[in-house]
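Please examine the sequence and the model before reading the solutions.

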Amino acid sequence: GDGGFMYAAAELSTAVRHGINVVSVVFNNDGYGASMWDQQTRFEGRYLATDLVNPDFVKLAESFGAVGMKTEPERLGEALSEALEADAPVVIEVPVPVMAPPF
């Protein structure tokens, strides 16, 4: 997700420098999703420290020299195909709502 990705966004520099053509998919719900879900469902919407102010992930990728893309969830397959054909590291941003954690 977006929160986790931001902990390691600078790794794009390494990927670009060394030609590591990794594809990163960032599911962006503008927050720490699992914690937001808990606060929404278990604590009656009392939010604390889970909202994020994110950069434009396309521009962030491009600022490192990587490829930035943005797509809707239903078009992710197409975006992945395009990203895997790129001769560069790629960041794909996918806007999503807050969802239940998978665990």
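**Exercise 1: The nonpolar cores**

The largest nonpolar core has nine residues: Phe 5, Ala 9, Leu 12, Val 26, Phe 57, Leu 60, Ala 61, Ala 66 and Val 91. A nonpolar core is a set of buried Ala, Val, Leu, Ile, Met, Phe, Trp, Tyr and Cys residues joined through side-chain atoms within 4.5 Å. The model is predicted: local features need pLDDT of at least 70, side-chain atom pairs count only at pLDDT 80 or more, and totals for chains, interfaces and linings use all residues. Residues are numbered from 1 along each chain as its sequence is written, and side-chain values use heavy atoms, leaving out hydrogens and water.

Task: Determine which helix gives the most to this core.

Solution: Helix 4 gives the most, with three residues. Helices (H or I, at least four residues) and strands (E, at least two) are DSSP runs, numbered from the N terminus. Another core, of eight residues, lies apart from the largest one and includes Met 69 and Ile 92.

**Exercise 2: Two positions compared**

Task: Classify Glu 62 and Asn 29 as buried (under 20% relative accessible area), exposed (over 50%) or partly exposed (in between; 1.4 Å probe, protein chains only).

Solution: First, Glu 62 is found in helix 4, residues 57-64. Its relative accessible area is 46%, so Glu 62 is partly exposed. Next, Asn 29 is placed in the loop between strand 1 (23-28) and helix 3 (33-41). Asn 29 counts as buried because its relative accessibility is 15%. Beyond its neighbours within four places in sequence, Asn 29 is in contact (heavy atoms within 4.5 Å) with Asp 2, Met 36, Val 96, Pro 97 and Val 98.
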